[in-house]
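I opened a new structure today and kept short notes as I went. Please follow along with the model on screen.

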Amino acid sequence: MRHLLSVLAATALLAGCSGGGGSSAPASPATPISNLSAAAQLGQKIFSDASLSASGRQSCASCHAPDHAFGPVNDLSAQPGGPNLDTPGFRAVPSLRYMEKTPAFFFAADGTPTGGFDRDGRAQSLAEQAQRPFLAPHEMANASKQDVVDKLKKAAYIAEFRALYGAGITDDAEQAFSRMTFALQAFEQEAPEFHPYDSKYDQFLAGKVQLSDAELRGLALFNNPQKGNCAACHPSARGADGASPLFTDFSFDNLGLPRNTRIPATADPAYFDLGLCGPDRTDLADRKDLCGAFKVPTLRNVATRKVFFHNGAFNTLKDALGFYVRRDTNPEEWYPAGADGVIVKFNDLPPEYRANVNTAEVPYNRKPGMAPALSAAEIDDVIQFLGTLTDGYQKP
Amino acid sequence: MKLNKKLIAVALGAAFLSAPLHAGASEKELKARMDKMAAELEELKAALKASMQKTAELEARQQQIVAAESNNASASTAAATAAATSAATATATSVATNVATTVATDVATARAETARSASGTILSGYGEINYNRPTKNASAAQTDIRRAVIAIEHRFDEKTKMVSEFEWEHGVVSASDQGESEIEQLYIERELNNGLRGKVGLFLIPSGLLNTNHEPTAYYGVERNFVETAIIPSTWREVGVGLSGDTAFGLTWDTGITTGFDLGKWDATSTEGRDSPLGSIHQEGQLAKSRDLAFHGALNWRGVPGLLLGGSVFSGKAGHNTEGFAANDARVTLYDLHARYTPGAWDLSALYARGQISNTEALNATFVGNPTPVPKSFAGWYTQAAYQLLKSGDYTLSPFVRYEQFNTAKSYAYVPQGLGVETGPDEKVTTVGANLKVGEGVVLKADYQKFKEDKSRDRLNLGMGFAY
């Protein structure tokens, strides 16, 4: 009988776990996550310190504006920089939100290039990524790391910097510079405003709000493998571990974008930005099959942007989506005609790399004369859905 | 001492059984026999006494040595006297260790001898290798080491045992291969004083006919039937506690509280959930989410020889109160009714199973556009007839036919604007084939399966299986 009782007791104990609200467990205090580490607090100051640039007028926050989801505020294809803020750039500024889970670059088991920072994935960490803008001639345009550190020495927060990293830290420019980028990384990883997960879509996933009819139709088109097929690269579902979707699978794709003449470098017919295979990235120069492939960005906050794709070829979501579904059915809408009158598709790539463009998957797998994967009305629905990915949604 | 009495009783019983009394035997013969038995009993007693003495001696010796080891100083002094060398300590320790080992082994052997009737470890296992050839697409023919299982059962005493099954599937298991290595059962069962059986650990849910009886020698056809893989997710096991008992009139009952399913694992982009809804969200004791536990109960009646009638129900929530999850109130419920009748050479069975997943509207809204939303209900049934046609020596040939009908997505929760997925028709599969048993442990199988809806799945199957 004793055995029976003990089994029943265990049964009752287990049964107890499945009911009730776990009232016996102490409630964890709702501590605000804004308690940044000392490094992150320094990073926050460095992030918005324009005095660290050659012009004295450009900080990280100038291009990655906190009130624009850490993306650009304007519709320029690429932001200018340099000592006089008139040196043209080459690529559109990405949002810095939701970068905290991006893995360092690697080739997946099936050979898919994956992860990394910068549009070509060449930086292995946020800290490494943070180095480039300080030194790039078309961005903050410092002559050297020493140059950056010399400016840092005059910053209001230099005492904090030395208190954290040692009084003599600024004597070694290499070390001091690496601490600056480390602090920036800490800020980007820790500060909740870089990954709030509070869009309407997040609340919808949690079952707290409903999407409007158009938004829901848009989501269905976004997910549908035969329609938008967007989720194939921009996953929209929670992970098996419950992780919120990032709307990127960190892979790279070659979309065959039209050449954007608003980027001044394109005036040189020999200029091509080939992403993974160069010229900015150098370690994959031999992988000609990867020429033209760029990182799939998150689509969170995409509706706050005014410039799309790595070369900023489009300024509206309508054009961006139209390009996806009509690129192959109506190439004349996107590409110029050659001297012979024939449309030159994928004209931002040298002819030998145009075969690298993704033409196999939905919605690209079409030819002129076929119906686009999405109609104009359907594109409008998808745009409505993409609007639900904007952070800071307040339930009316 | 209790144990010894029991041993004697068992020995006596065995002796009586091995010496059947003939009605026509003479009194003299009978007396001679009784004398002989009395002598054997005396011998047995003596042997037992000797064994007990030996055990006591060995235990005493072992205690002495343990005591000596615990006192290093005195041990080394004694050793020094004996050996009178500078290496004496080391030698003594080594000698002491050897003696201790020998004694320990002897003690263990003696104990094992004494308790042989109650405890023991049994190694068993089963395995199957299958060949499938789709008749309309021979290039998809496949051969697979479906599973190899090693089972270890250890009986601690008459009432307590541990049951375990270790399984490998699909031949090769590594990060880049498709095989799986898994623990299929791992539980302790204890027979309680009132005749009930208590279980704790990872055990099979008593659902349907196949789940708890899934060795290849136990079922007809190369592949397990669809209803008991797609609807009942065989081999289905959960971690928890269970209680079983038998009542008069041949009724057996099982009940328990266990882990359940994790709906958070549902992948609307893959077809896995369409192949087996519960198979795609089972947890198998792998870091299983346990905020929500599940209840199960089963009744099986064997009141008429050859007949089994039974049913089961399993129910538990599957959201686990997960932060930011839209289906925390979802509940998985699965029930089945089954019957098996084995008159003479016939083996007839039938089964109906139905599963439900409730409160999935909000979750399925997040899956719009994807091919595999969570079904609201899924169900199936089959009926099967096998006949032992030939029996020659070790060989038994049993042809069989099975008809089954099932649908892994019979209905979906409401999704607005017609954005949901259409439910499909029930798939209907007819399987015709035969099992050729070689002895009791080996089976060769062949069958042909015809699909009514997706005709591309028609296939020929060959398989070998064994269980020991």
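I started with chain B, whose secondary structure comes to seven helices and 17 strands. Here helices (H or I, at least four residues) and strands (E, at least two) are DSSP runs, numbered from the N terminus. I noted that this is a predicted model, where local features need pLDDT of at least 70, side-chain atom pairs count only at pLDDT 80 or more, and totals for chains, interfaces and linings use all residues. Residues are numbered from 1 along each chain as its sequence is written, while chains are lettered from A and ligands numbered from 1 in the order in which they are written.

Next I looked up burial in chain B: 30% of its 468 residues count as buried. A residue is buried if 20 or more other C-beta atoms lie within 10 Å of its own, exposed if 12 or fewer, and partly exposed in between, with C-beta atoms placed from the backbone. I also checked contacts, which need C-beta atoms, placed from the backbone, within 7 Å. Among those in chain B between residues at least 6 apart in sequence, 58% join residues at least 24 apart.

How many residues does each chain give to the contact between A and B? I found 32 from chain B and 29 from chain A. On the side of chain B that touches chain A, β6 (237-247) and α7 (361-366) of chain B each supply at least two residues. That side divides into 15 nonpolar, 13 polar and four charged residues. In this count Ala, Val, Leu, Ile, Met, Phe, Trp, Tyr, Cys and Pro are nonpolar, Asp, Glu, Lys and Arg are charged, and the others, Gly among them, are polar.

Then I turned to chain A, which is divided into domain 1 (38-194) and domain 2 (200-389). These bounds come from an automatic or database domain assignment. The C-alpha centres of the two domains of chain A lie 26 Å apart.

Why does A:L152 count as buried? It does so because it has 22 C-beta neighbours inside 10 Å. Leaving out residues up to four places away in sequence, A:L152 touches A:L52, A:I158, A:F161, A:T170, A:A176 and A:M180.

Last, I went through the backbone. Most residues other than glycine have a negative phi, and most peptide bonds are trans. I found a cis peptide bond between A:G278 and A:P279, with omega about 0 degrees. A:P279 is in the loop between β3 (252-253) and β4 (294-295) of chain A. Another cis peptide bond joins A:V362 and A:P363, with omega about 5 degrees.

A:D118 is not a glycine, yet has a positive phi of about 75 degrees. A:D118 is partly exposed, with 18 other C-beta atoms within 10 Å. B:Q417 also has a positive phi, near 60 degrees, and B:Q417 is exposed, with 11 other C-beta atoms within 10 Å.

Notes
Contact = placed C-beta atoms within 7 Å.
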